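Open the model in your viewer and keep the selection tool at hand. The stops below say what to select and what is there.

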Number of protein chains: 4
Amino acid sequence: MGVIIDGCPAGLKFDTELIKKDLERRKPGQSRITTGRQEDEEFDVHSGVFEGLTTGAPIGITIRNKDQKSKDYSHIAETFRPSHADFTYQTKYGVRDFRGGGRSSARETVNWVIGGAIAKMLLHEYGMEIQAFVSGVGELELEKDYKELDLSSAEENIVRCPDPDMAEKMIEHISKIKKGGDTVGGRISCVIRNTPVGLGEPVFNKLHASLGQAMLSINAVKGFEYGSGFAGSMMKGSEHNDIITSSKGTVSTSTNYSGGIQGGISNGEDIYFRVAFKPVATLMKDQESIDVKGNKTTVQGKGRHDPCVVPRAVPIVEALAALVICDFVLLSQSTKLGASSDSI
Amino acid sequence: MGVIIDGCPAGLKFDTELIKKDLERRKPGQSRITTGRQEDEEFDVHSGVFEGLTTGAPIGITIRNKDQKSKDYSHIAETFRPSHADFTYQTKYGVRDFRGGGRSSARETVNWVIGGAIAKMLLHEYGMEIQAFVSGVGELELEKDYKELDLSSAEENIVRCPDPDMAEKMIEHISKIKKGGDTVGGRISCVIRNTPVGLGEPVFNKLHASLGQAMLSINAVKGFEYGSGFAGSMMKGSEHNDIITSSKGTVSTSTNYSGGIQGGISNGEDIYFRVAFKPVATLMKDQESIDVKGNKTTVQGKGRHDPCVVPRAVPIVEALAALVICDFVLLSQSTKLGASSDSI
Amino acid sequence: MGVIIDGCPAGLKFDTELIKKDLERRKPGQSRITTGRQEDEEFDVHSGVFEGLTTGAPIGITIRNKDQKSKDYSHIAETFRPSHADFTYQTKYGVRDFRGGGRSSARETVNWVIGGAIAKMLLHEYGMEIQAFVSGVGELELEKDYKELDLSSAEENIVRCPDPDMAEKMIEHISKIKKGGDTVGGRISCVIRNTPVGLGEPVFNKLHASLGQAMLSINAVKGFEYGSGFAGSMMKGSEHNDIITSSKGTVSTSTNYSGGIQGGISNGEDIYFRVAFKPVATLMKDQESIDVKGNKTTVQGKGRHDPCVVPRAVPIVEALAALVICDFVLLSQSTKLGASSDSI
Amino acid sequence: MGVIIDGCPAGLKFDTELIKKDLERRKPGQSRITTGRQEDEEFDVHSGVFEGLTTGAPIGITIRNKDQKSKDYSHIAETFRPSHADFTYQTKYGVRDFRGGGRSSARETVNWVIGGAIAKMLLHEYGMEIQAFVSGVGELELEKDYKELDLSSAEENIVRCPDPDMAEKMIEHISKIKKGGDTVGGRISCVIRNTPVGLGEPVFNKLHASLGQAMLSINAVKGFEYGSGFAGSMMKGSEHNDIITSSKGTVSTSTNYSGGIQGGISNGEDIYFRVAFKPVATLMKDQESIDVKGNKTTVQGKGRHDPCVVPRAVPIVEALAALVICDFVLLSQSTKLGASSDSI
């Protein structure tokens with residue numbers, strides 16, 4: 001498997017450890033509430049980096065999966081699995097490569113995590129930080145405001161929820177679901193701090209619209225909201241407006257229902273958004289379906305899969321957010337005469 | 001104001017009446033629950049249409065607003081209004097054209113409604129139909145499944161909700177909010193019928209991701225979900241999977257939590273999604289804010305604005321959905337060898 | 001007719017006079033060796049400029065042709081003219097808008113001249129200058145090196161050749177051709193001065209490749225060469241290499257067969273290139289052809305057209321060159337960490 | 001090294017032998033008039049092909065160079081070679097990867113030849129054929145019209161000229177140049193047969209403009225002309241116009257100065273164009289230059305390089321032509337209502 005990251009500016013210090021760390025966070029088999037499948041990714045950087053700095057050339061990376069076994073895919077070859085992309089790919093293309101999931105497989109997200117880690121390297125140059133965490137599993141919901149929590153503590157438990165009590169409940173719930181051969185959905189929240197004012201482009205490339213498209217590209221995602229989101233649509237204007245204040249030359253807002261974005265452009269407050277993931281479609285239970293000829297068949301419950309996708313999707317959400325923010329940082333450098341990348 | 005629609009295939013019958021009808025549905029001043037501002041758009045088609053057929057050239061259209069008055073914008077020139085894009089535009093560009101809202105104004109959506117009407121002309125050639133409707137105003141929520149409702153009846157009331165009882169409640173609620181000088185948010189649902197299997201592209205141009213980006217581009221939108229959405233993220237896989245069946249060569253699913261899309265590609269079921277709109281930021285109440293120099297000021301409650309944006313946003317949601325679907329119809333024609341636009 | 005120029009940075013001083021001046025240089029009927037057709041363009045700027053500065057929004061401009069007459073196009077409607085795009089448009093699109101000014105008409109270049117004038121405004125901020133001139137008419141060829149000539153003097157004669165003697169010969173030749181009801185081709189050379197090092201992108205967006213595509217987009221262009229061009233392909237490496245020298249920190253080359261571009265990237269020397277235009281296909285002589293049904297017919301020699309396109313194409317070559325250079329100036333601002341638009 | 005070819009329709013028969021054959025034609029060390037360097041490319045197809053058919057997924061290919069030796073690049077690291085991209089890359093990016101095979105190296109064209117071979121597979125489905133050949137070396141020029149020659153015979157001699165007598169002269173000339181430690185430029189012509197009417201898009205994506213950009217992307221290319229080219233710019237309109245005739249429903253032209261393209265769109269005649277290559281900049285002679293600090297230095301004449309690039313560039317010209325034509329074939333499928341890929 002391989003990925004090409006194009007458009008990275010030259011002269012960026014390349015931090016291989018950051019890539020490794022985020023791959024570890026995404027890795028299957030990392031805990032008792034993820035898939036038991038073991039995949040240990042090693043990657044090689046073939047281009048775009050020289051003596052520890054990016055060169056401005058596309059960064060080409062290949063990924064080796066150390067313990068890939070040749071598998072038996074005959075059951076997928078002949079069957080359309082429920083709520084998978086088997087039927088749509090077969091019909092759209094006429095040809096379907098059923099081995100290892102192909103482009104509709106979540107293995108694709110390894111590439112995104114690598115790209116996102118490189119994007120983070122650039123964002124760190126500007127002091128920006130991205131932190132995602134699990135804020136919901138099934139009907140369990142983290143109600144606390146993120147400002148009351150130490151978000152970095154999310155990495156201290158296997159479900160990646162920054163509230164230890166809620167984390168415990170979520171882990172217990174996923175364990176129970178797993179035991180029953182079933183799966184469950186969940187929510188991830190993400191906060192981006194220290195963004196400059198001015199990221200995002202009017203009309204069709206608004207910052208939140210691009211974040212939305214990126215998040216909706218992740219396998220199993222069913223919804224996206226930013227700032228006050230769906231709950232905000234129940235509010236009144238007099239409650240929802242973010243009052244603007246100024247202190248010592250710094251403009252800020254007293255509330256942040258806008259989620260750090262006004263008119264599609266960052267306003268300097270924290271950017272935050274939330275992403276909904278459906279339950280994994282592969283079950284340990286038998287399910288009715290049809291085969292490629294249209295005859296009834298049974299999809300057997302077997303294989304190794306995640307009972308809940310959100311713990312491992314946290315670095316994926318961060319990666320795509322980082323890539324989107326990076327694009328707008330680079331775009332912003334040609335926005336006005338005399339702009340410079342130093343001031344963004 | 002003007003718009004250029006590029007990429008429309010040649011030979012399409014151009015239906016001016018459809019454009020007029022959708023502009024009427026978006027028009028300010030259309031009922032007692034919208035803004036009292038009167039705008040009567042007339043448009044001229046300058047290129048791309050010849051003897052009633054599209055020519056394959058870009059379709060250039062200008063729009064005249066018949067009763068535009070020269071207004072006094074001095075209060076906007078000097079002030080940053082809360083939860084508007086004044087501050088972000090000023091900071092991003094250094095120059096801000098404060099007249100008539102500019103690119104962050106919802107007047108921009110006139111262009112989209114025109115483009116969407118042309119997209120609908122193409123989709124009608126393939127038998128596809130798009131119907132949006134208001135499914136929530138403030139805390140009022142239309143709980144009924146859309147399949148139990150006659151969606152076309154949404155156009156029979158001024159709030160555009162296909163359930164007459166709920167419509168009545170919504171109208172009453174908006175009227176009350178308006179009387180109080182306040183505003184309220186809401187939700188719009190959209191259903192697309194008779195889509196072929198195969199629309200949408202893998203990885204970063206999934207059908208729902210593109211729909212999401214389009215919807216999040218609409219002014220005041222805070223969230224997007226498709227199929228089971230956020231509620232689906234609380235479910236278990238055994239409840240959520242859509243069982244596939246086949247009858248007389250036609251493949252369908254017994255439920256449609258997938259919202260007509262699997263792996264980012266349409267599966268032939270109804271496509272449906274939901275969009276959340278925040279309350280309008282312009283109020284009839286005074287609000288604290290700062291002026292462009294950072295000094296405290298008061299934004300006065302005046303002017304004419306919508307107490308709730310969703311009744312007029314229904315044709316905008318449809319328009320952007322139509323444009324997205326069109327793009328994928330055209331893209332799908334080069335997907336496989338021997339494909340033709342007749343079969344999509 | 002209208003044009004939208006997108007991507008112009010905010011804060012640029014908008015120079016309406018520069019647009020007018022370049023439109024004058026392109027205008028039909030400007031001298032006895034151009035078409036006798038009179039067109040007097042007036043233009044309105046609708047968006048993207050506020051109080052004399054660009055705002056970062058798309059600049060929308062419409063153009064009115066003051067003395068457009070309703071014409072009789074029936075002869076074009078029914079006939080395929082030799083070496084025109086009638087047959088190819090008809091076949092490609094099935095529908096053909098035969099009224100003057102379609103997309104294959106050179107009237108389209110009015111838009112480009114306007115866009116190019118805006119691009120020049122930006123390039124002037126960086127001190128860059130673009131000067132095109134006629135270097136060949138039919139078999140008449142300006143052999144002198146452009147460095148021996150005062151290029152600005154090209155504007156002092158109606159054929160736009162900076163060598164007065166050669167200009168005289170060219171004017172005489174075109175006059176003779178015109179009298180005979182015929183047309184003749186020619187060549188335009190272009191020099192871009194004071195470009196910074198680093199414009200152009202590797203592989204498929206090399207600076208000269210983008211200039212080539214732009215020039216080949218101009219109606220009637222048949223060829224493009226830069227630096228030593230076709231003549232250079234007859235040389236030996238030991239003659240052709242540009243020796244690099246350095247003086248007081250400034251790197252330059254002793255010759256400039258490279259035309260200011262090495263590896264697709266500007267090296268700070270003058271960029272120069274040459275463009276070949278075929279003779280205008282509309283003649284004052286009768287020509288055999290076929291009608292839309294495939295029957296033989298005669299295309300009559302009538303109407304007003306240019307006997308030689310190059311005098312009026314000089315500002316068009318400059319305009320497209322300016323737009324290409326501008327794109328690369330803006331792109332270069334995200335090339336390396338710490339780059340700024342001040343230093344490019 | 002690796003390449004990703006995206007956008008290839010599903011269901012195309014994948015012909016590995018065609019890739020191998022074109023790589024052989026590009027290979028260094030293939031004859032006594034090319035570089036003595038030996039490179040034997042082997043490639044692996046990682047994605048996009050399944051059971052001999054393309055799947056619609058990106059086709060990912062990596063290339064191994066079997067006898068790559070670790071080389072001493074210190075002389076390049078410290079020096080700016082004349083008429084190479086060393087200085088421009090160093091200045092543009094601040095970082096320069098001086099090890100062989102960077103993005104300005106002609107090794108990049110291995111990727112293009114592979115992509116082009118896949119494009120040829122698609123074009124063969126429509127019966128199109130592309131044949132390039134050497135038509136000039138230094139001052140030696142193949143004057144004969146290509147229609148008098150058997151173009152496929154170009155592959156029967158090491159210089160790839162379809163005229164045996166001229167081929168002999170060219171080989172002799174290159175051998176002599178090589179012996180003198182020098183290099184020489186040349187010209188390649190290319191003919192595309194059996195193209196349908198309608199390929200190419202108006203305004204800025206004209207067929208010949210895209211071919212021009214592609215050809216100008218090839219290392220060492222200095223010029224591009226199509227149809228009558230620069231010579232055509234010396235002609236009169238009455239000589240140059242291609243008279244249209246019709247016979248049994250087929251429209252054709254009696255001459256083809258247009259090179260098969262009118263208004264940027266193919267007209268069904270042979271498409272032909274010509275490309276000029278400068279002499280290779282690496283010589284076997286010492287040359288003056290400067291080092292990276294600006295001090296005078298001598299670039300020593302050593303290493304293995306081609307005395308003339310055109311014999312090996314023939315498959316590269318074909319490859320890029322094939323890719324351009326493919327893009328327009330795919331684009332054309334959404335041009336008009338009811339179009340199908342069967343009829344293009």
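The tour goes from the confidence scores to the chain contacts and then to a single residue.

Start with the whole complex, which is a predicted model. The predictor gives the complex an ipTM of 0.96 and a pTM of 0.96.

Next, colour chain A by pLDDT. The average for chain A is 93, and 96% of its residues score at least 70. Now select residues 340-344 of chain A, where pLDDT stays under 50. The model has 15 contacts beyond four places in sequence for this stretch. Where pLDDT is low, the predicted coordinates should not be read in detail.

Show chains A and B together. Here 83 residues of chain B are in contact with 83 residues of chain A. On the chain B side, the residues touching chain A comprise 30 nonpolar, 38 polar and 15 charged ones.

Then select residues 221-226 in both chains, which form strand S10 in chain A and strand S10 in chain B. These two strands pair in the antiparallel sense over three bridges. Pick A:Glu225 and look across: B:Gly223 in S10 of chain B stands opposite.

Finally, move to chain D and select helix H6, residues 207-216, where D:Met215 is found. Is D:Met215 buried or exposed? D:Met215 counts as buried because it has 28 C-beta neighbours inside 10 Å; the cut-off for buried is 20 or more. Beyond its neighbours within four places in sequence, D:Met215 is in contact with D:Val221, D:Phe224, D:Val275, D:Val317 and D:Leu320.

Key
Residues numbered from 1 in each chain as written. Chains lettered and ligands numbered in written order. Predicted model: local features only at pLDDT ≥ 70, side-chain atom pairs only at ≥ 80, totals over all residues. Helix = DSSP H or I, 4+ residues; strand = E, 2+ residues; numbered from the N terminus. Buried ≥ 20, exposed ≤ 12 C-beta atoms within 10 Å, placed from the backbone. Contact = placed C-beta atoms within 7 Å. Nonpolar A, V, L, I, M, F, W, Y, C, P; charged D, E, K, R; others polar. Pairing = 2+ DSSP bridges. pLDDT = per-residue confidence, 0-100.
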